[in-house]
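I opened a notebook page for this chain.

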Amino acid sequence: MFDFKGKVALVTGGTTGIGFAAAIMLARGGAAVVVAGRGENKGADALEQLSETGARSFFMPCDVSRVSDCRSLVEETVSRLGRLDILINSAGVFMDGSIESVTEGDYQKIMDINVKGTFFMCKMVLPEMRKVGGGAIVNVSSDSGIMGNTDAVLYCASKGAVTIFTKALSVDVAKENIRVNCVCPGDIQTPMLDREATASNDPAAYMREMKRHYPAGRVGKPEEVAATICFLVSDMAPFVVGAAWSIDGGLTASSY
């Protein structure tokens, strides 16, 4: 469906969940793919599955909360593969709780990964995209980046920042043939969601209650988000700039 032949894609948070699903789809479309993450074992597992697509692929360890890691990741990608056309910022963490429960350490952790990591990865790739005449960036935000969610004030703050940052950056670089967009998924069946459910007193009841809020009657699949991401970075979406695409089974369209 997608043709990414000759393109090089870099996916942060690319070893699991949405990031990994996007990496697989990019690779199947012919892109050379670099997946980045903090876990060496997860990286090895992701690389093994990526190799089955026949595409050139690499895993590179990276903590996006460190600017030096962001810089090194981009430099190493270009050193190995010669260029950089696509960036997917999928690295992110979730934390619930009221504002009273948030510590300075909590704030620093969420903002450093969700906002700072996204911001500086974009900064580092822009010079490389300019060298090849353009590129495409998709930042993974959330339904929490376009509406307030109960008991998730810190997470909402971080994802709201990602959404508006995406729009602001898109305006600055659009004339350079660099398109910046974001996706805003609802709850997706990923390891992050599994951890949330497991942490509850009754995981089955937790999931039933979550699904009840969705007009579609279920949570999403990583592949459903990945398909939208791949469309946004493909040549099929040349006029999509600064968009925040909801992928949430109707959640943000309803008034539950």
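**Entry 1: charge pairs.** I count a salt bridge when a side-chain nitrogen of Lys or Arg lies within 4 Å of a carboxyl oxygen of Asp or Glu. I worked on a predicted model, where local features need pLDDT of at least 70, side-chain atom pairs count only at pLDDT 80 or more, and totals for chains, interfaces and linings use all residues. Residues are numbered from 1 along each chain as its sequence is written, and side-chain values use heavy atoms, with hydrogens and water left out.

How many salt bridges does a search of the whole structure find? I got nine.

Arg218 bridges to Glu224, with 2.7 Å between the closest N and O atoms. For cover I used relative accessible area (buried under 20%, exposed over 50%, partly exposed in between; 1.4 Å probe, protein chains only). Arg218 comes out partly exposed at 38%. Glu224 is partly exposed at 32%.

Next I took Arg83 and Asp85, a salt bridge whose closest N and O atoms are 2.7 Å apart. Is Asp85 buried or exposed? Asp85 is buried, at 5% relative accessibility. Arg83 is partly exposed at 29%.

Lys131 is exposed at 63%. Glu128 is buried at 16%.

**Entry 2: surface charge.** I then searched for patches, made of residues with over 30% relative accessible area and no salt bridge; like charges are joined within 9 Å, and nonpolar side chains (Val, Leu, Ile, Met, Phe, Trp, Tyr) within 5 Å. Lys and Arg count as positive, Asp and Glu as negative, while His and the chain ends are not counted. I placed each charge at NZ of Lys, CZ of Arg, CG of Asp or CD of Glu. Areas come from the Shrake-Rupley method with a 1.4 Å probe, and for residues only the protein chains shown count as cover.

Arg38, Lys42, Lys109 and Arg195 form a positive patch on the surface. I located Arg38 in the loop between β2 (32–37) and α2 (40–51). Arg38 is exposed at 58%.

**Entry 3: overall form.** I read helices (H or I, at least four residues) and strands (E, at least two) as DSSP runs, numbered from the N terminus. The chain has eight helices and seven strands. Its C-alpha trace spans about 50 × 40 × 35 Å along the principal axes. Of the 256 residues, 51% are buried.
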